[in-house]
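Biologist: I would like to learn how to read a model of this kind, one feature at a time. Could we begin with charged side chains and then move on to helices and backbone angles?

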Amino acid sequence: MSLVHTAIVLLAAAVLAVPLAKRLGFGSPLGYLAAGLAIGPSGLALVTDVEAIAHVSELGVVMLLFLIGLELRPQRLWVMRKAVFGLGGAQVALSATALAGGALALGLPWPAAVAAGAGLALSSTAIALPLLAERDLLATQAGRDSFSILLFQDLAIIPLVALLPLLGNGGAMPDHGDGLGWPIARAVGAVLLVLAGGRLLVRPVFRLVDAAKTPEIFTATALLIVLGTAALVEAAGLSMSLGAFLAGVLLSESEYRHEVKADIEPFEGLLLGLFFVSVGVSADVAGFLANPGGMLLLAIGLVAVKAAVLALLARIAGHRPGGAVRMAAALSQGSEFGFVLFGVAVADGVIAQPQANAAMLLVTLSMIATPFLFAAEERWLAPRLTRKAARPFDTIDDTAGNATPPVIICGFGRVGQIVGRVLRLRRIPFTALEKDAGQVDFVRRFGNQVFYGDPTRPELLRAAGADTARLLVVALADVQESLTVVDMARRLFPNLRIAARARNRRHAHQLMDRGVEVIVRETFDSSLHLTERVLESCGLPPDEVRHTIDTFRTHDERTLIAQHGVHHDEERLIQSAQEAARELRRLFEADRPDG
């Protein structure tokens, strides 16, 4: 098959399989893997030149490591150092040791067992991070520590690949005539050359290219630096991935970093996808079918060992049971870097090809299983563990007999805190209610008096003194919760005046429907203040700036009230907005001086 036909088959398979996989919630890596399985020798046999595809697909890993290096500024690593090097280092060491011991028990020679343990100890960044991100879990403790472990693994692959040749020839030192002195000197010299050349040449080269104002040449320069550095390091006996990583680190402090990243990312995404396709194409399906029960048991053992290590470390690091199980479910699969490590191990004579094929098949099976395991954990296990660790709401009582504060603040986030701080300055007492336990703990550390509870519950508002308070400040970020509190207050506490934060114009109109008179749109005043500073920076006289802002403010507030009567009718609302825009334009045109 010609190169063009092969490219057509690869692209068509990816276009069909990846959207379907993402639609089913499995992520794009599994879509690429499925496409490779379908078109490879074990499937429809539309692609048979596995080796040629594998060589090109290696560039995807090269690009990925370059982008990882581009993000790894030294100061960022320093902030995360305990989680990255402590938790991440412990995970790799314990998992690799346990898995290598298992490989030895299965009869592998010790060099092959060490290589297998190291490769299987790694987890898939391409699978784990999207699973956490799509459920908004990256900001949780489990999400942050999962990212730290993955970050350490991204760093660990570099020395692991570089040390593999030392395990070659059954663990004996390779014969290089004069020993290892020259190969090591050559490798160290290449790294120093890359570091020195990057410091001295990269920025001047990019400045020269940038001055030409030719975007495609800038992209070509970025690709040249990545591939050139990778080839130079490979010629010295190290991996291309190491060279790409060094190139990324050198550019991480450059002013061209973001532009280079934007240029490289499309290549990285497509080539990394091709890498996963090549894995699917080269998957040893025949080996699996020859012993499906044994391979499934080994895959289950791999996931179980890694999950146990991860859960243990998470509990030691202070995670609740739910967070520990979540980390174990997200990171218990094998890694795309495992394919790289096993490929290098075969080339260096560390592990035999059949053993490497079996290890890669285990990684593939664990990758396929991960989305199912994580979905099951999130649906059935995590809610149960979270419920057990649920924190009870605070009890509000007036044991000291003090008078009820005249103000109740519902929601003590960005908006509620500012209201509370000013009230405290004026010595006006208030009761603050917040349902986010983390937020409550955070603001209490700064001396704020706030109660943990759900302000949509009428008994909580009554306990907070809504029967006798003068003002209810609704500063909740969630629109529906805000409307629920207003409806409840109007029904149960009709004498309580309400001042409410509005997320947008629609929210403001919904509050008007409920008779709320004091409504403040949360971004309106800040946006006008920013606009005022922009106009001043553009050179407009101060009095003209003030007149412009005041005119816009008055017109917009008048329009908001005028549109209240039609906000349920989308067509009339659009027509009203167009008429208001024309009116505002006429107002500013009338202010222009003649001539």
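Modeller: A salt bridge is counted where a side-chain nitrogen of Lys or Arg comes within 4 Å of a carboxyl oxygen of Asp or Glu. Please keep in mind that what you see is a predicted model. In it, D525 forms a salt bridge with R553, and the closest N and O atoms of the two are 2.7 Å apart. The pair links distant parts of the chain, since D525 belongs to helix α23 while R553 belongs to helix α24 (residues 542-562), 28 residues apart.

Biologist: Are D525 and R553 buried, exposed or partly exposed?

Modeller: The class follows from the relative accessible area, where under 20% means buried and over 50% means exposed, with partly exposed in between. D525 has a value of 39% and is therefore partly exposed, and R553, with 24%, is partly exposed as well.

Biologist: How many salt bridges does the rule give?

Modeller: The general idea is that side chains of opposite charge can pair when their charged atoms come close. By this rule the count comes to 15 salt bridges. One of them joins the side chains of R514 and D487, at 2.7 Å from N to O. Because R514 sits in the loop between α22 (505-513) and β6 (518-521), whereas D487 sits in helix α21 (residues 479-492), the pair ties together parts that are 27 residues apart in sequence. R514 is partly exposed at 26% relative accessibility, and D487 is partly exposed at 31%.

Biologist: Which residues are linked with E522 in a network of salt bridges?

Modeller: The network is made up of R501, R503 and E522. Within it, the side chains of E522 and R503 meet at 3.3 Å, N to O. E522 lies in the loop between β6 and α23 (524-537) and R503 in the loop between β5 (497-502) and α22, so this pair ties together parts that are 19 residues apart in sequence.

Biologist: Let us turn to helices. At what angle do α14 and α15 pack, and how far apart are their axes?

Modeller: Helix α14 (residues 292-316) and helix α15 (residues 321-331) pack at an angle of about 145°, and their axes are 8 Å apart. The crossing of these two helices, α14 and α15, is right-handed. On the side of α14 the contact is made by K306, A307, L310, A311, A314 and R315, and on the side of α15 by P321, A324, M327, A328 and L331.

Biologist: Where is S366 placed, and is S366 buried or exposed?

Modeller: S366 is placed in helix α17 (residues 353-388). Its relative accessibility is 1%, and because that is under 20%, S366 counts as buried. A polar atom of the side chain of S366 lies 2.7 Å from the backbone oxygen of V363. If neighbours within four places in sequence are left aside, S366 is in contact with L302, V303, Q333 and G334.

Biologist: What is the phi of K213, and where is K213 found?

Modeller: K213 has a positive phi of about 55°, although K213 is not a glycine. K213 is found in the loop between α9 (181-211) and α10 (215-235). Its relative accessibility of 66% is over 50%, so K213 counts as exposed.

Technical notes: Residues numbered from 1 in each chain as written. Predicted model: local features only at pLDDT ≥ 70, side-chain atom pairs only at ≥ 80, totals over all residues. Heavy atoms only, no water. Helix = DSSP H or I, 4+ residues; strand = E, 2+ residues; numbered from the N terminus. Buried < 20%, exposed > 50% of the residue type's maximum accessible area, 1.4 Å probe, protein only. Polar contact = N/O pair within 3.5 Å; in protein donor to acceptor, adjacent residues only side chain to side chain. Contact = heavy atoms within 4.5 Å. Axes fitted to C-alpha atoms, helices over the stretch in contact; angles between N-to-C directions. Left-handed = near helix turned anticlockwise from the far one by under 90°.
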